[in-house]
Amino acid sequence: MKLSIITINYNNKTGLIKTVESVIHQTFQDFEYIIIDGGSTDGSKEYIQQMQEHFDYWVSEPDKGIYNAMNKGIKVAKGEYCLFLNSGDMLYDDFSLVYLFKNSFEEDIVYTNCYFHEDDNTTLKKKTFPIPENLTMDFFWKDMLCHQAMIFKRKFLENYSKYDEKYKLASDLKLVATSIVFGKATLKKVEIFLSVYDLNGQSASSRYLYEDEKRKIFQEDFSFFYEDYCKYEKTEYELNAIRNHFLIKILKKIKNFLVLK
């Protein structure tokens with residue numbers, strides 16, 4: 001089996017329905033579908049039961065958070081690769097997996113581009129999230145790969161590392177960055193848009209907590225780089241302040257000139 005798609009959910013029935021619909025309508029069918037629900041009380045469990053013929057494995061029980069649920073999914077997965085598509089996130093269209101597996105790869109981590117979407121009940125906003133071909137520590141300091149647009153070789157996850165459950169939002173960054181640096185994970189970028197990332201999700205809406213956890217990860221796991229990046233960040237902040245100061249002065253001069261004229 002080529003792929004295990006793992007969806008975790010907790011009290012997000014609306015998002016879960018969107019995710020499930022995007023998966024079960026795929027024209028590529030060489031995958032299993034795993035649902036890990038955290039004991040939802042909003043009707044999610046009843047929906048899962050109604051749709052259970054589409055799932056190869058599902059459970060609805062209390063868990064210890066996002067990454068505990070994702071690790072549960074890894075334990076039961078049987079596919080060559082794992083894709084984590086959490087409730088609210090969607091595969092881009094019905095041919096997304098066809099486009100992905102048209103490419104040949106054996107790497108530990110395969111990553112693609114993705115879209116973001118934010119639903120305010122009146123409009124659907126989409127924007128692309130371009131990912132660089134060459135990943136660096138500088139990239140991980142400033143940004144992160146779109147987790148919903150990556151697949152991980154299951155054997156690599158089992159043998160090297162699962163998600164660190166002490167973090168609430170940034171364990172995916174830790175897993176990817178440490179896998180590359182310490183686990184010597186092999187990488188490949190596939191130039192497609194695989195998925196649509198839900199900006200209404202917990203990790204997107206709790207940016208301050210995510211940034212705090214990211215700093216702790218760099219401090220603990222990449223301490224060799226940490227002080228240099230803090231200095232770099234401070235320098236960038238100071239340079240931007242100087243640029244803004246001179247820009248404001250120039251704009252004031254232009255404004256005064258136009259008024260006098």
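Is Tyr197 buried or exposed? At 14% relative accessibility, Tyr197 counts as buried; buried means under 20% relative accessible area, exposed over 50%, and partly exposed in between, with a 1.4 Å probe and protein chains only.

## Basis of the values

This is a predicted model, in which local features need pLDDT of at least 70 and side-chain atom pairs count only at pLDDT 80 or more, while totals for chains, interfaces and linings use all residues. Residues are numbered from 1 along each chain as its sequence is written, and side-chain values use heavy atoms, with hydrogens and water left out.

## Aromatic pairs

Rings of Phe, Tyr and Trp (its six-membered ring) pair if their centres lie within 6.5 Å; planes under 30 degrees apart count as stacked, over 60 as edge-to-face and the rest as tilted. By this rule the count comes to 15 aromatic pairs. In one of them, Phe95 and Tyr99, the ring centres are 6.3 Å apart and the planes stand at 40°, so the pair is tilted. Phe95 is partly exposed at 41% relative accessible area, and Tyr99 is partly exposed at 37%.

The rings of Phe116 and Tyr197 have centres 5.3 Å apart and planes at 65°, so this pair is edge-to-face. The pair links distant parts of the chain: Phe116 is in strand β6 (residues 109-119) and Tyr197 in strand β9 (residues 187-198), 81 residues apart. Strands (E, at least two residues) and helices (H or I, at least four) are DSSP runs, numbered from the N terminus. Phe116 is buried, with a relative accessible area of 13%. Elsewhere, ring pairs link Phe28, Tyr81, Phe101 and Phe105 into a cluster.

## Salt bridges

A salt bridge is a side-chain nitrogen of Lys or Arg within 4 Å of a carboxyl oxygen of Asp or Glu. The whole structure holds 10 salt bridges. One of them joins the side chains of Lys2 and Glu80 at 3.2 Å, N to O. Lys2 lies in the segment before β1 (3-9) and Glu80 in the loop between α3 and β4, so the pair ties together parts that are 78 residues apart in sequence. Both ends are partly exposed: Lys2 has a relative accessible area of 23%, and Glu80 is at 26%.

Two other bridges lie within helices. Glu158 and Arg154 meet at 3.0 Å, N to O, and are four residues apart in helix α6 (residues 154-159), or about one helical turn. Glu158 is partly exposed at 30%, whereas Arg154 is buried at 13%. Lys214 and Glu211 meet at 3.2 Å, N to O; both lie in helix α9 (residues 207-221), three residues apart, about one turn of the helix. Here Lys214 is buried at 5% relative accessibility, and Glu211 is partly exposed at 24%. Asp164, Lys174 and Asp221 are linked in a network of salt bridges.

## The loop at Gly79

Gly79 is found in the loop between α3 (66-76) and β4 (81-84). Its relative accessibility is 0%, so Gly79 counts as buried. Contact means heavy atoms within 4.5 Å. Leaving aside neighbours within four places in sequence, Gly79 is in contact with Met1, Lys2, Leu3, Ser4, Glu32 and Arg154. Gly79 and Lys155 are 76 residues apart in sequence, with 9.3 Å between them, C-alpha to C-alpha.

Helix α3 is mostly covered, with eight of its 11 residues buried. These buried residues pack against β1, β2 (31-37), β4, α6 and α7 (171-181). Among them are Tyr67, Met70 and Ile74.

His147 sits in the loop between α5 (137-142) and β8 (150-153) and is buried, with a relative accessible area of 6%. A polar contact of 2.8 Å joins its side chain to that of Tyr163; a polar contact is a pair of N or O atoms within 3.5 Å, where within protein one must be able to donate a hydrogen and the other to accept it, and residues adjacent in sequence count only if both atoms are side-chain atoms. Beyond four places in sequence, the contacts of His147 include Met70, Phe84 and Asp172.

A nonpolar core is a set of buried Ala, Val, Leu, Ile, Met, Phe, Trp, Tyr and Cys residues joined through side-chain atoms within 4.5 Å. The largest has 39 residues, and Phe84, Leu145 and Phe152 have the most contacts inside it. Apart from this core lies another of 26 residues, among them Ile5, Leu16, Met51 and Val110.
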